[in-house]
Every structure is written in C-alpha cells, then in structure tokens.
Amino acid sequence: MMVKGVGLGFVSFLVASFYLVTVTAQARTPFDLKHGLETTPQGIALPSLFEAGRSPWNHAVVVPSQNSRTLTTQVVQLTDDAGQVGAIWSKENYRFNLNHRQTVSMWLYFGDGGSFRADRNVAGDGMAFVLQNGGGVQAVPKYPGKIFGETLGVWGIDNLNSFYSSAGDVAKTAIQHSWALEFDTNLNKNADINSGGKGDAFDLDSDDNNLMTPHIASNYPGESSSYVPKDDYGLIRFARSYKLLHNGVLAGNDFNFLSNAKWHHLTLTYEPNSSNTNNASITYSFNDRDPITGVSARSGMTATVPIDRSIIDPGNTGKAWWGFTGSTGNREENNLVVFDEIPDLVDSEAQSRLRVQVAGTTDKTIPVKAGDTLAKGDKVSLAYQLRYLNGSRSWHNVEAQLRLPKRLRFNTMKVQYPDGTETNLNGTDLTLPVIRQKLQTLSDNCNQATIELTGVVKDSTGPVPAATSEFKGDEAVAATSTPEFHVQGSNSMVLHLTSTASLTVDNSQSISLPGMVDLSKSQYQSGDVKIRGELNDDTQLPEQKLLTADTRGAFNYKIPANTLRKGRNTLKLTAVDPDEAFSNTITTSLIATNEPKSTGALGLANLAGQASFSGKLTGNRQTLPNHSTLDLQVEDSRAAGHGWDLKARLNQPLTNAVTKQPLLGDLYYATTWGDHELLSSADQIVAHGETDGDDQVVDVTAKWQQLYGLFLQVNAGAQQGLYSGSITWTLADTPHT
C-alpha cells in the first residue's frame with residue numbers, strides 16, 4: 001500500500017502478536033550498564049585506595065572502564081539491580097582528614113531511568129557520599145531482612161508502623177556518627193493512611209523544600225533530629241511515617257535531572273573552622289565540569305552547609321572513613337562512580353596559555369582570549385603548566401596527552417622543570433591528533449612541569465574550537481582547554497560562478513550551476529575540495545565535490561528538483577578543503593516560477609513477521625530482549641526535500657489469552673541512548689527519514705538489537721503465561737527539516 005506524498009498522508013498496518021514465555025533469566029538493563037562503561041570519563045585506579053564494604057549486604061564491585069580513551073580508569077559499581085545495597089570505603093591509610101581543608105571530586109552515573117519519562121518516577125533510588133566513624137568498612141544500615149531503597153545505604157530505616165515510635169528509633173538503624181550527601185533519583189512521598197513502616201516517605205519534606213523532583217541534599221543519618229514524624233492522618237492516627245529533613249538542596253526541573261544516561265561531575269570541598277574545631281563547612285558543586293571535555297567549562301549548581309565535626313568524630317580522632325553507598329528497592333539502577341581527585345592523595349591543576357606575537361615586534365606577545373581573531377603568519381606560543389599542589393604521595397607515571405588547536409602549525413616543543421632541567425623534543429611529530437609525552441614524577445621537590453610549543457598560524461580561514469588536553473597519572477588526573485578563536489587568512493582558494501546574475505528557473509527540474517575554484521595557491525586537487533551550499537540562510541544543502549575529470553577546479557553545483565520555494569531564493573556557495581580552510585563566498589539569486597511538487601511515492605515496502613519477548617520471571621522488575629522476526633521497511637521514491645515519520649501505537653495491550661488479564665509491564669521503543677518512548681494508545685514517533693531524491697528503501701528493523709527497537713520491561717508482579725497484543729504502525733509524510 002502506498003501513499004502519495006502530497007500534504008500529510010498516512011497508512012497504517014497491524015503487527016502480529018507478542019509472546020512471553022519462561023526461559024533462562026538474564027541481567028536487567030545491560031544496555032544501560034554497557035553505555036555507562038563505554039562512556040566512562042577519565043579517572044584513577046582504585047585498588048590501593050578503597051575497598052568494598054564488608055557487610056553481608058554489599059553488592060559493590062570495582063570494574064574497568066570500557067571506554068577506549070580511559071582504559072586505565074576503574075569504576076565503582078554500587079548497584080545494578082533491584083533490591084541491592086552497595087558501599088565502597090577508603091582504606092585505613094586514606095581516611096578523610098578532618099583537621100585540614102580537603103577536596104574530593106568524582107564523576108557519577110545514575111542509570112537511564114529518568115530518560116524514559118522525565119515527568120514520572122521510574123528510576124531506582126540513588127546513592128550517597130558519606131563521611132562516618134560508625135563501623136568503618138563494615139558500616140551499613142540495620143536492615144530487617146529487606147532492603148529499603150530510600151535509605152541509599154546510609155539513612156535510617158522507616159519500617160516502624162507504631163504511633164509510639166520515635167525519630168530516635170529510625171536514627172539508630174542508620175550508619176552512626178555520619179554525614180551524608182544524597183543523590184536521590186526516586187521520590188519517596190507516600191503519605192497515605194497506611195504508609196507507616198513502608199520506608200517510602202523520606203521526601204515528604206516539601207513543607208520546607210520543594211522536593212517534587214530528584215535532588216541532592218545532606219544531613220546526619222544517625223541523628224534523631226534528621227527525622228520528623230508525619231502525622232497528618234486526622235484524629236485517628238493509624239500509622240506513623242517519617243520524613244527526612246533535607247539541607248542544602250539542589251533540585252532538578254524534572255525526573256531527568258540525575259538518571260539520564262549521562263555522567264555528572266561533583267566537586268566537594270571541606271573547610272574546617274580554625275577558631276572552633278567542632279565547626280566546619282562543606283561546599284558541593286554539581287555538574288561543574290563539561291562531560292565531553294572534562295574541564296571546568298560550564299556553570300554548575302552549588303550549595304554550602306555547616307558541619308558539626310563532633311557528630312561525625314565524637315572521639316576527636318581527626319579522621320573519618322569516607323566513600324559511597326547506594327541502594328535500590330523495587331526498581332533497578334546502575335549506580336557508578338569514577339574518582340578523579342582524592343583528598344590527601346594528590347592535589348593538582350593544569351593550565352594552558354596561548355599567546356600571539358604582536359605584529360611589528362620581535363618579543364612582545366599578548367594572550368589569545370576567547371573570540372579573538374588571528375591572521376595568517378602570526379607567530380604563536382602555547383604553554384601547558386602542570387602543577388603538583390600538595391598530597392600524601394608523589395604523582396607517578398604522569399603522561400601528557402596534548403590535543404593542539406587546529407589551524408596552527410607548531411615547529412618546536414620542549415619540557416621544563418623547576419630545577420632547570422629542559423628537554424627539547426624536536427623529533428616529536430606535532431601533527432598527530434594526540435601527542436603523548438611522559439613526564440617526571442611530580443612531588444614537593446619537583447612540583448611543576450611546563451610544556452612549551454612555538455608555531456605560526458596556517459593559511460586556513462575559519463573557526464578554531466577549544467582543544468582539551470589531559471594529564472593522567474596513577475594518583476590524579478587534570479585537564480585544561482585552549483580558548484576558542486578564529487583565523488582569518490588570505491584565501492588560498494577563490495571561487496567563481498560562471499554567472500552570478502539572477503536566474504529564473506523551473507522548480508520541477510534540477511538546476512546546474514557551473515563555476516570554477518582557483519586552486520593555483522592550494523596544495524589540494526579537485527577531488528579533495530567540496531562546495532557547500534546554503535539556501536535562504538536556513539537550509540544546508542548536501543556537499544558536492546569538484547569535478548575531477550575536467551579542468552582543475554571546475555564544478556557543476558546541482559540543486560535537485562522541487563528544492564526551491566516559489567519566488568526569489570538566495571543561494572550561497574563556499575569551497576572548503578580538508579583543512580577546513582574556506583574560500584570566498586558567492587551569493588546568487590534563483591527565482592522559481594512554481595511551487596515545489598511532490599513526485600514519487602511513500603509507503604511500507606514490507607511488513608512481515610512478529611516481535612517476541614521471553615525471560616524467566618524472578619519476582620523483580622526486568623528488561624526482556626526482543627527476539628524479533630519482524631521485517632519492516634519504508635520505501636520512498638519522492639523528490640528531495642521531503643521527510644517521513646514512522647509512528648507506533650499500542651493498539652491492544654499485552655493480555656493473557658487464558659486469564660484475559662493484562663501483563664504487568666510496559667512496552668518501549670528505543671531509538672538512541674536516553675531516548676526511550678513508552679508505547680501507549682497515543683502515536684509515538686519511532687523512526688524518521690529524509691529522501692535525497694533517489695529511490696530509497698529503509699530497513700527500520702535492520703538495527704534492532706538489545707540497544708534499539710522494541711523491548712519489554714516486566715514489573716515485579718507479572719505472572720507466568722502466554723501474552724499477546726498488537727501495534728498499529730503509521731507512516732506519515734512530513735516536511736523536510
């Protein structure tokens with residue numbers, strides 16, 4: 001069945017049944033864990049610094065990064081399933097020093113639960129950063145045989161349902177003598193008449209804080225003052241729930257705040273009060289580093305809270321165990337931690353300084369700031385300064401991984417140390433994408449390494465993005481970025497159109513615009529150079545290579561039929577070479593005498609087979625893989641400039657053929673990471689395409705794996721059986737974007 005591409009047409013098909021049977025179980029959310037490990041940011045190795053909690057409940061393990069750029073990084077995996085608690089604690093020799101200023105920073109990953117529904121509570125429970133003297137590596141809440149997810153592995157357990165219970169009863173089940181900074185990905189706001197003792201009310205602190213979304217907050221888990229009874233059930237009080245008082249709240253706008261399949265950076269600074277040894281403060285900054293570059297290039301959220309050291313350290317030892325805890329209740333979550341700065345280990349920093357020589361001088365230079373413009377031939381110097389600030393250990397095996405700014409040609413490189421040692425690295429290939437250089441061990445005696453490069457601005461006009469370099473060692477990592485700037489060179493390529501006069505054209509026919517690019521001053525040949533087109537200042541046209549069989553530099557820029565709008569159209573053409581150097585830009589006008597017409601047809605070329613899901617029901621929520629034989633293909637023979645959307649709607653819920661009961665679970669469609677659509681009775685766009693003017697057949701199901709396509713999440717209460725249902729697929733003609 002085909003649909004003509006005029007206006008907004010659609011065609012619907014009914015897909016075959018889905019089935020659920022019992023076979024061998026598999027791990028849940030493996031796609032999310034795989035994604036988290038494959039996108040692991042740079043951090044440090046952990047075995048000599050931490051150990052997993054020794055409580056019988058502990059599920060925490062240390063796993064290697066699967067990111068090819070950060071293979072030496074180790075990741076703490078606190079939880080990966082429902083009904084778990086995990087903890088990792090500093091070893092005895094690396095306890096937190098409460099007498100001195102301390103900084104600790106880390107990357108945190110909270111799974112992808114919030115990516116499913118930004119307006120709904122579907123993530124697991126979260127994790128917490130903890131300082132404690134309440135059991136060392138064996139510290140854990142006193143669970144009564146069941147894991148309560150809202151504890152996050154540190155808070156008290158609200159399983160008391162008697163009106164005569166007290167806040168102290170809850171507090172004594174928590175990790176004692178502790179302070180916790182929670183990252184709460186699941187709201188616990190159950191306040192009905194029967195909610196007492198169910199461990200689901202800690203986030204009822206909405207009287208003082210607007211806790212309507214996942215949040216970050218702090219308090220003392222082992223103190224009765226942290227818990228307040230919630231008795232608003234009327235005159236007859238059947239049960240009592242406890243809310244947790246939240247200090248220093250940082251809250252998100254929706255449920256996508258923490259659990260969004262992305263890594264988030266946290267820097268925590270502890271500052272003791274020199275005039276009163278019991279007083280201190282902790283400042284925590286969240287999302288303070290860019291997850292792509294790893295440097296401080298974005299504004300985060302910050303809060304500061306006072307700390308009473310006597311609560312954490314009643315014996316006045318000046319030390320505390322520190323680490324992370326996490327827990328899950330009925331929902332699973334992959335809680336991951338990567339450390340990049342450890343207190344009392346190595347405190348370091350990296351800086352970069354790009355300078356340009358002032359024209360007409362021999363030694364006067366000025367710094368290059370963000371947004372500056374450099375000219376061809378300008379002499380530049382780039383210095384990276386790596387500093388060891390302090391620490392209990394030296395910084396070993398430091399490797400500089402330099403990513404130099406584009407459009408600059410560097411000629412020399414040297415490394416200098418404070419004792420006057422200098423090494424010229426004239427044999428280093430400075431054109432490599434990443435330049436790797438081993439550095440000396442840095443310590444109090446050798447606390448700095450400076451890498452200096454000199455070069456010139458190439459004849460390569462265009463913007464230069466920030467370039468981030470990293471310095472990786474056993475005990476710490478550091479990063480720094482150069483500023484963004486622009487290069488204005490003399491155009492080595494000059495573009496000419498055979499005619500720049502306005503042309504009146506028939507929009508139903510393709511258009512060819514001949515021209516020439518003067519490559520006499522360029523090192524590249526015709527096949528290396530492309531023409532970029534922009535139509536009406538808002539539409540990027542496909543790049544087209546110069547003709548290689550004709551005169552060097554010749555081209556015929558083709559515009560497909562039905563691309564122009566009726567009336568005057570403005571076309572801009574620019575040549576670009578492999579160095580991203582640009583030619584001049586030519587502007588011309590094209591006057592179309594008619595509206596674009598849709599030609600060809602759009603339809604589903606094939607729809608056969610069925611999708612099926614299988615798994616062993618464990619009594620917990622789980623994700624079932626798709627063993628699909630469904631073959632779904634979209635055929636599009638229309639002219640360029642048109643798009644299509646494929647929509648899916650759950651036409652008939654999955655229902656047991658015998659009992660007629662619906663399956664306790666949800667069907668999802670995954671398109672990309674962090675983009676999972678819940679299938680319901682409303683249409684959801686699950687695929688999109690655009691035609692380039694050639695006949696196209698897009699196999700929608702070709703890429704269906706565990707990561708993409710249909711998948712089924714089964715709730716804890718699902719019953720064994722054979723279930724079936726149906727989906728309506730709708731193919732719609734949509735405007736070109």
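Figure 1. F471 has A478 in strand 32 as its bridge partner. Strand 31 and strand 32 run antiparallel and are joined by five bridges; two strands pair if DSSP finds at least two bridges between them. Four residues link strand 31 to strand 32 in a hairpin. Strands here are DSSP runs of E with at least two residues, helices are runs of H or I with at least four residues, and both are numbered from the N terminus. One thing to keep in mind for every view: this is a predicted model, so local features need pLDDT of at least 70 and side-chain atom pairs count only at pLDDT 80 or more, while totals for chains, interfaces and linings use all residues. Residues are numbered from 1 along each chain as its sequence is written, and side-chain values use heavy atoms, with hydrogens and water left out.

**Figure 2. The largest pocket and its lining.** The volume of the largest pocket is about 1,200 Å³. Strand 26 (408–416), strand 31 (468–472) and strand 32 (477–481) are the elements that each give two or more residues to its lining. In total, 46 residues line the largest pocket, and R69, R403, A466, A467 and T468 lie nearest its centre. What classes of residue make up the lining of the largest pocket? The lining has 22 nonpolar, 11 polar and 13 charged residues. Ala, Val, Leu, Ile, Met, Phe, Trp, Tyr, Cys and Pro count as nonpolar, Asp, Glu, Lys and Arg as charged, and the others, Gly among them, as polar. A pocket is an open set of points on a 1 Å grid over the protein atoms alone, where a 1.4 Å probe fits and protein lies on both sides within 12 Å along at least five of seven lines; lining residues have an atom within 4 Å of a point. Grid points are joined across faces, edges and corners, and the volume is the space filled by probe spheres set on the points.

**Figure 3. Strand 19 and the strands that pair with it.** Strand 19 covers residues 319–327, and eight of its nine residues are buried. Buried means under 20% relative accessible area, exposed over 50%, and partly exposed in between, with a 1.4 Å probe and protein chains only. Strand 10 (residues 126–132) runs antiparallel to strand 19 and is joined to it by seven bridges; here L131 has W322 as its bridge partner. Strand 7 (residues 85–90) is also antiparallel to strand 19, with five bridges, and W89 has G323 as its bridge partner. Strand 8 (residues 96–97) pairs with strand 19 in the antiparallel sense over two bridges, and F96 has A320 as its bridge partner.

**Figure 4. V75 and the residues around it.** V75 sits in strand 6 (residues 74–79). Is V75 buried or exposed? V75 counts as buried because its relative accessibility is 0%. Leaving out residues up to four places away in sequence, V75 touches L37, T40, V61, V62, V63, S65, W263, L336, V337 and V338. Contact means heavy atoms within 4.5 Å. F339 is 264 residues from V75 in sequence, yet their C-alpha atoms are 8.0 Å apart in space.

Figure 5. S443 is in the loop between strand 28 (435–438) and strand 29 (448–457). S443 counts as buried, because its relative accessibility is 13%. Neighbours within four places in sequence aside, S443 is in contact with Y388 and S394. A657 is in the loop between strand 46 (642–656) and strand 47 (665–672). With a relative accessible area of 46%, A657 is partly exposed. A657 and Y723 are 66 residues apart in sequence, and 6.1 Å apart from C-alpha to C-alpha.

Figure 6. Most residues other than glycine have a negative phi. N397, which is not a glycine, has a positive phi near 55°. N397 is in the loop between strand 24 (379–391) and strand 25 (399–402). D537 is not a glycine either, and its phi is positive at about 60°. Look for D537 in the loop between strand 37 (530–535) and strand 38 (539–545).
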